[in-house]
Amino acid sequence: MSSLQQVNPRVRGIRVSPQSTLQSLAAHITHQITQGVQKPFKEVIDVSSGDLHKAGMKPISFVRQVLAVCLYPELLQDKNLPQDVRLRAQRLLEACDGGSVGSYTASSGLLYVQQSIAEFVTRRDAGVPSYPQNIFIPAGSQRALMIVVKLLVSGEGENQTGVLTPTPCPYTLPMLLDEAGVTLAPYHLREDRGWAVDLEELQLALKTARGCCHPRAIYISNPGNPTGHVQDRESIEEVIRFAATEGLFLLVDEVYQDSVYGQGREFVSYKKVLSEMGQEYSETVELASFHSLSNAIMRECGLRAGYMELVNMDPVVMLFADTMLCTDISTPVTGQLALELMVNPPKPGDPSYDTYKQEILFSQVTLAQNAQRAWEFLNCLPGMSCQKAMGGIHLYPQLLIPPGMIEQAKILGVEADVLYCQRLLEEEGVFVGAGCQHGLATGNYHLRLCILAPPGTLEEVLARLSSFHLRLLDRFPHHDRGVKNGQLHPNK
Ligand SMILES: Cc1ncc(COP(=O)(O)O)c(C=O)c1O
């Protein structure tokens with residue numbers, strides 16, 4: 001590919017995302033450091049996305065041990081490995097064609113893994129049945145989402161499929177919807193209510209969207225990325241009733257379901273709530289629920305596997321989902337096997353159980369403590385205010401950017417929060433995501449901060465962020481450090 005002119009016009013039309021720009025800058029700075037260029041920091045710390053192994057969190061031993069045996073079956077004889085590891089690897093290898101992870105699988109996934117997932121979902125939802133034929137296993141939940149969205153695409157202009165999308169939302173979502181060829185119809189989450197989903201906002205967004213597109217689906221992230229909000233049962237019921245009344249397909253991203261730590265909050269799946277709302281809803285509302293190896297407790301995002309469960313979808317349409325997966329030929333097999341370990345971990349009494357339990361507990365405690373620590377710290381910085389998270393792995397603080405920097409950003413043709421992140425990266429080597437709310441002029445700025453990292457790393461991030469932030473305020477001495485939109489602390 002020699003010039004931009006030769007790039008597919010459709011691809012050329014896609015706006016380069018601020019995350020990609022910042023990512024390139026982070027890679028450039030890291031390269032400079034390896035070349036011996038002097039910086040005020042030793043390395044770049046990336047807390048912009050949910051890549052937790054990159055951030056320093058350790059893999060779960062059981063997963064890596066079983067996969068090691070699957071990849072190198074001679075280890076089945078190695079008595080240094082726990083017996084349950086070897087037994088599980090043997091069972092998984094038996095489920096693979098030719099007894100090898102090097103074989104293709106059915107395009108919707110290994111039946112053995114689909115069955116394990118269906119059993120897990122049934123257990124999780126206290127007996128609400130789940131069926132393997134409704135489970136699809138693509139290379140990541142994003143791929144799964146793309147498949148469903150593509151099934152919904154139709155029309156052009158005012159008739160083009162629209163998807164109601166939260167503001168803020170996961171940073172990859174606008175690009176995914178754009179690539180799928182659907183219109184993004186934004187609905188606002190209520191920051192003043194801890195980023196809750198609000199029925200009036202949904203109704204307003206739907207009304208606004210009609211006339212611009214044909215809204216056919218609503219995307220929900222619960223627990224929320226990047227907000228950390230966890231919906232309660234009433235809120236979920238409200239969304240389901242709204243979807244039913246308006247004939248919307250529910251796209252429910254539940255990838256942080258095992259990362260809930262807010263006091264008195266627990267994860268309740270949309271599918272479970274739907275099943276308890278009576279036949280009028282339980283047999284009609286179409287739902288796709290997504291879960292992922294990347295975001296569940298093992299955080300194995302590089303292995304690329306996730307699953308979706310389709311509920312109330314016409315079996316003929318489901319066949320199309322399968323057909324679309326055929327173009328991938330097969331999802332990475334190691335990822336599928338790791339999914340099986342995710343939904344079917346060691347049980348009490350198994351040789352690997354104690355280590356597994358300890359590792360999981362460490363991750364959960366670190367997450368809850370980091371969330372509290374970062375929340376307190378950020379709220380003490382002048383010009384920053386942060387809602388308390390109840391789940392997920394992000395915080396989304398609001399940022400008062402000095403008018404001088406906003407002016408600079410205008411001159412440079414970038415969003416002010418992107419410029420803030422760029423300067424933070426250059427001066428302190430901390431890569432935090434810009435809050436950009438898919439180009440909407442909301443008039444306020446935010447940062448996306450992944451908080452699950454070893455506590456020492458989080459402290460380093462907070463210290464560097466704080467020194468950059470305070471320097472910035474000193475550079476713009478006339479900056480009003482007070483209240484903004486009534487949401488920042490009045491005593492700042
Ligand atoms: C809400 C949400 N969904 C999905 C994903 C990624 O999923 P996958 O790696 O399974 O494609 C992420 C990654 O951070 C996420 O935050």
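# Close-up views of a predicted model

**View 1. Strand 3 and its two parallel neighbours.** V163 stands opposite A217 in strand 5. The model shown in this and the following views is a predicted one. Strand 3 and strand 5 are joined by 4 bridges and run in the parallel sense. Strand 3 also pairs with strand 4, again in parallel, through 6 bridges. In that pairing, P166 has Y187 of strand 4 as its bridge partner. Strand 3 is mostly covered, with 6 of its 7 residues buried.

View 2. Parallel pairing is found between strand 5 and strand 6, which share 5 bridges. Strand 7 and strand 8 (residues 306-311), by contrast, pair in the antiparallel sense over 6 bridges.

View 3. A288 has L251 standing opposite, and S292 has G306 of strand 8 as its bridge partner.

View 4. Which residues come nearest to the ligand? Of the 15 residues around the ligand, the nearest are G50, G140, Q142, S292 and S294. The shell around the ligand divides into 3 nonpolar, 11 polar and 1 charged residues.

View 5. The loop between strand 4 (183-188) and helix 8 (199-209) contains W195. Although W195 is not a glycine, its phi is positive, at about 70°. Is W195 buried or exposed? W195 counts as buried because it has 23 C-beta neighbours inside 10 Å.

**View 6. V239 in helix 9.** V239 is found in helix 9. This residue is buried, since 22 other C-beta atoms lie within 10 Å of V239. Leaving aside residues up to four places away in sequence, V239 touches V197 and I220. The C-alpha atoms of V239 and L202 are separated by 8.6 Å, although the two residues are 37 residues apart along the chain.

**View 7. Two cis peptide bonds in loops.** T167 and P168 are joined by a cis peptide bond with omega of about 5°. P168 lies in the loop between strand 3 (161-167) and helix 7 (173-180). Another cis peptide bond runs from N222 to P223, with omega near -10°. P223 is placed in the loop between strand 5 (214-221) and helix 9 (233-246).

**View 8. R304 between strand 7 and strand 8.** The loop between strand 7 and strand 8 holds R304. The phi of R304 is positive, at about 55°, although this residue is not a glycine. R304 counts as buried because it has 20 C-beta neighbours inside 10 Å.

**View 9. The crossing of helix 15 and helix 16.** Two packed helices are described by the angle between their axes and the distance between the axes. For helix 15 (residues 403-412) and helix 16 (residues 416-428), the axes come within 8 Å and cross at roughly 100°. Helix 15 is therefore roughly perpendicular to helix 16. On the side of helix 15, the contact is made by M405, I406, Q408, A409 and L412, and on the side of helix 16 by A416, L419 and Y420. The residues of this contact divide into 7 nonpolar, 1 polar and no charged.

Methods
Residues numbered from 1 in each chain as written. Predicted model: local features only at pLDDT ≥ 70, side-chain atom pairs only at ≥ 80, totals over all residues. Axes fitted to C-alpha atoms, helices over the stretch in contact; angles between N-to-C directions. Parallel < 35°, antiparallel > 145°, perpendicular 65-115°, else oblique. Contact = placed C-beta atoms within 7 Å. Nonpolar A, V, L, I, M, F, W, Y, C, P; charged D, E, K, R; others polar. Near = placed C-beta within 6 Å. Pairing = 2+ DSSP bridges. Buried ≥ 20, exposed ≤ 12 C-beta atoms within 10 Å, placed from the backbone.
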